[in-house]
Amino acid sequence: MPLKISVIGLGYLGATHAAAMAELGFEVIGIDVVPAKVELLSRGLSPMYEPGLEEILRQHVTGLPGSTGRLSFTTSFEEVAAFADVHFVCVNTPQRAGEYACDMSYFDSAVDSLAPHLDRPALVVGKSTVPVGSAARLARRVAELAPAGEAAELAWNPEFLQEGFAVRDTLHPDRIVVGVTSERAEAVLREVYATPIAEGSPFVVTDLPTAELVKTAANAFLATKISFINAMAEVCEVAEGDVVKLAEALGHDERIGPKFLRSGIGFGGGCLPKDLRAFFARAGELGASEALQFLREVDSLNMRRRASMVALTRDALGGSLLGRRVAVLGAAFKPETDDVRDSPALNIAGQLHLQGAEVSVYDPKAVVNARAVFPTLRYTESAIEAARGAHVVLHLTEWREFQELDPAALGEVVSRRHILDGRNTLDASLWRKADWTYRALGRPTA
Ligand code: UGA
């Protein structure tokens, strides 16, 4: 009998994992405590913007014309426990309000809702990013609560997908990491991933804490790489160097590599910033805070980028923001997503607004989410509309649409042709040719 799968928590990670598992041929049930999400997904619609996701949903969601019917959704844990042999837990593990530590309450409550219904052998697989040590605690909790006792096991299988590439990353992962405490759990996870599409990915088997740590360490490393190049940008600013050229030259060294060396206003999103903080908070609890002391610097360097962008804007406006019109291009924390969690772009727009500027924001996909977080900003339907009458234009999320903007056309509607590139991805010479003053962090002024 082929394994049946459940996916608990249907955000960016869970919705994509459920769809991908159906695509790989499994029968899948997805569950979320938010009925509106379940309702949308049951109609083959994605609750968030994620390229390619709706196409897969439409192919597999039960009841849709021409679908395989392999994927269904519910809000009932009882149904999920009766249906599936393997339960992937993909719920949110955000930063605790007012603290650095991770909020495990959604994860704990998912386990507490599922486990009492597990009356036959089952494998609960954690995928969310959690403080090291959580898996061992949760394994005890599952065995304690499940009527099946020790036959209800827990394993850890961290997920490394990037928003915007979630479908690609789930179907073609760089590596599959599983933390297990029994041969049976390993065999079940090998069966899940022994599919033609996931074939060829390295399969790393380890213990529970190492599996948890692989994920936190990977995100901490990526954050460190970004803050490293942003530190170099700060040095370039005083030394009159060009951080973009520096990154290009560094990236040719195979040991360093070109990826995650894009300098600018720093990293945001629902993962890197909070995972970094949760990691050093957890290290402190375990008595290893010295080992991760440098990650505090990675975090503060990153937050300083936002302040530097605000300062550069003030400077471009002659020292005061009061009553000046600022156009902000981008609200999402990065392109190809509508996610605005801890978005540097939206944070900068908000700071400028609070300091007295009249801010107009345009984003191709994230306006609805941005408005919910920051309702007092003005949102527009296009870049041109945001730029109308602006004294300065800020490029803060590097959507392709912004790389293709016509500087001459935009120049027709602004009050002053002044652009600040917070992502170092616009073609400076093109803008300067069209009589714009182009400035960026870590780059020479002309
Ligand atoms: C990140 C990791 O890259 C994934 O591997 C991980 O699975 C995920 O977190 C997670 O923990 O779930 P994601 O948050 O989707 O993925 O975003 P990234 O593509 O990593 O970008 C994070 C931030 O760094 C963005 O604000 C982006 O603009 C910024 N960034 C990225 C830079 O400033 N410079 C770069 O060179 C790269």
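Which of the 22 residues around the ligand come nearest? They are Glu163, Arg262, Phe267, Gly269 and Cys271, where a residue is near a molecule if its C-beta atom, placed from the backbone, lies within 6 Å of it. This is a predicted model, in which local features need pLDDT of at least 70 and side-chain atom pairs count only at pLDDT 80 or more, while totals for chains, interfaces and linings use all residues. Residues are numbered from 1 along each chain as its sequence is written.

**The two domains**

- The protein chain is divided into domain 1 (4-206) and domain 2 (241-446), with bounds that come from an automatic or database domain assignment.
- Taken over C-alpha atoms, the centres of domain 1 and domain 2 are separated by 33 Å.
- The contact between them takes 13 residues from domain 1 and 16 residues from domain 2, two residues being in contact if their C-beta atoms, placed from the backbone, lie within 7 Å.

**The shell around the ligand**

- Because domain 1 (4-206) and domain 2 (241-446) both give residues to the shell around the ligand, the ligand lies between them.
- Two helices, α9 (208-239) and α11 (272-285), each supply at least two residues of this shell, and the largest share, three residues, comes from α9; helices here are DSSP runs (H or I, at least four residues) and strands are DSSP runs (E, at least two), numbered from the N terminus.
- By class, the shell has 10 nonpolar, seven polar and five charged residues, where Ala, Val, Leu, Ile, Met, Phe, Trp, Tyr, Cys and Pro count as nonpolar, Asp, Glu, Lys and Arg as charged, and the others, Gly among them, as polar.

**Positions listed in UniProt**

- An unreviewed UniProt entry lists Asp32, Lys37, Thr93, Thr129, Glu163, Lys274 and Arg341 for "binding site", although such annotations may be inferred rather than shown by experiment.
- These positions are spread over 310 residues of sequence and also in space, up to 24.0 Å between C-alpha atoms.
- Lys37 lies in helix α2 (residues 35-42), and Lys37 is buried because 23 other C-beta atoms lie within 10 Å (buried means 20 or more such atoms within 10 Å, exposed 12 or fewer, and partly exposed in between, with C-beta atoms placed from the backbone).
- Leaving aside neighbours within four places in sequence, Lys37 is in contact with Leu10, Asp32 and Pro47.
- Thr93 is found in the loop between β4 (86-89) and α5 (105-114), and Thr93 counts as buried, with 24 C-beta neighbours inside 10 Å.
- Again leaving aside neighbours within four places in sequence, the contacts of Thr93 include Cys102, Tyr106, Ser128 and Thr129.
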